[in-house]
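Please look over the structure shown below and follow this briefing alongside it.

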Amino acid sequence: MNLTERDLKVIWHPYTQMQTAMPPIGIVRGEGACLYSEDGKEYIDAISSWWVNIHGHAHPYIAAQVAKQLNNLEHVIFAGFTHEPAVELAERLLALLPHNQAKVFYSDNGSTAVEVALKMCLQFWYNKGEQRSKMLAFKNAYHGDTFGAMAVSGRSAFTSAFDQLLFDVEFIDLPTADNIESIKVQISGLKTELACFIFEPLVQGSAGMLMYEANYLDELVLHCKQEGIFTIDDEVFTGFGRTGKNFASDYLQHEPDIMCFSKGLTGGTMALGITTCTQHIYDAFLSDDKLKTLFHGHSFTANPIACAAALASMDLFVDPSTRQNIQRIADSHAAFALQIKDHPRIKTVRQTGTILAMEWNTQNDTSYFNNLRDTLYRFFLAEGIILRPLGNIVYILPPYCITNEQLSYIYGAIQKALQTL
Ligand code: PMP
């Protein structure tokens, strides 16, 4: 039996309707922007394996650093103990972030980084003896699949089985010139109840790569600050260069109170989550009263191997060649967007940094369940490209090491799909 056949007997895959989905493709090796299947096919990973990979697959430097760590210390309980990779990673990450970020809390993935952020805000008010339990989020938001993260995500097919159990969240529109003032009024009206405002900065990934302007987000962050509402900047997707700058928050003048990271944090090598916060938030948990402790932790908190992968990824990330690659991809996307924007099958094209999204015209409305999705997915796989459209929205967000030739090949396949499908 091959990998696919063995898999189908024992495995339940994420976000997959197991009755109708194509059998999974067995991958045996990765190198640079490519993955290789057990039947010898090469695939360009144009979506960075669920947006996590930034330097390419099986990167030799990350692999060597992880191996070194593995031979020294694989894990230690992170309550009562610490270790070099966790301390160094916290120091180096904070040095890259807005200056108000003062403390690092480790967890396992993007959803847990969000859970920790929400708990920090809720318990901040609890510790202060104030009742504030409402949260503010954008319509169509996506912050993860655990219950808290789901609650602050837009109500959708992803959440419908659980809607009754999700806590009270006020959803607002993405800000524009037309609605920014009325959103501010809406926020002010709720200020005594609101614990926090959580947002995906500049790009709502899972919603279909919906993009909005930094200056309006900046106004909302400032407004929340003035109204005493904490802001949570979920950089799980946008962090580590995706939007063209190190972090999407680098496009803002006003600093968020809390930030969440995962995905690109380890270069896509290991699962790791980080929530950072201000000294002000941290201080609200300091007390002789043990009940004011942040009672949150996972067995693998700050796993040394994951931290070593993150440190190795950071070495590569701060190398000037990575910045050049990010710019090269952004320029290349912009040139391709110009070429196809007037194509009759293209409804809209949008870009932020290394993320390029194209909404296709179909008879049906734009939706995650649009029928075109499967046709496009299969078409690109047959071309040797992994693109995983969100319904009728095709997006490219490659590892930064992707070559110009590989990018041209992807653009060519998209042109071909526009002509032939
Ligand atoms: N926040 C954002 C903005 C995300 O895009 C995602 C994942 N796509 C998450 C949180 C959840 O991360 P994870 O899948 O690692 O739980």
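A polar contact is a pair of N or O atoms within 3.5 Å, and within protein one of the two must be able to donate a hydrogen and the other to accept it, while residues adjacent in sequence count only if both atoms are side-chain atoms. With that rule, a nitrogen atom of the ligand is 2.7 Å from an N or O atom in the side chain of Asp234. This is a predicted model, in which local features need pLDDT of at least 70 and side-chain atom pairs count only at pLDDT 80 or more, whereas totals for chains, interfaces and linings use all residues. Residues are numbered from 1 along each chain as its sequence is written, and side-chain values use heavy atoms, with hydrogens and water left out.

**The ligand**

- An oxygen atom of the ligand lies 2.8 Å from a polar backbone atom of Gly110, and a polar side-chain atom of Asn109 is 3.4 Å from an oxygen atom of the ligand.
- The protein buries 83% of the 390 Å² that the ligand exposes when taken alone, with accessible areas coming from the Shrake-Rupley method with a 1.4 Å probe.
- The residues around the ligand (one of their heavy atoms lies within 4 Å of it) include Trp51, Tyr142, His143, Glu200 and Lys263.

**The two domains**

- An automatic or database domain assignment divides the protein chain into domain 1 (3–59 + 320–420) and domain 2 (64–317), and their C-alpha centres lie 27 Å apart.
- In domain 1, 28 residues are in contact with 27 residues of domain 2, where contact means heavy atoms within 4.5 Å.
- About 2400 Å² is buried between domain 1 and domain 2, with carbon and sulfur atoms giving 62%; buried area is the accessible area (1.4 Å probe) that two parts lose on being put together, summed over both.
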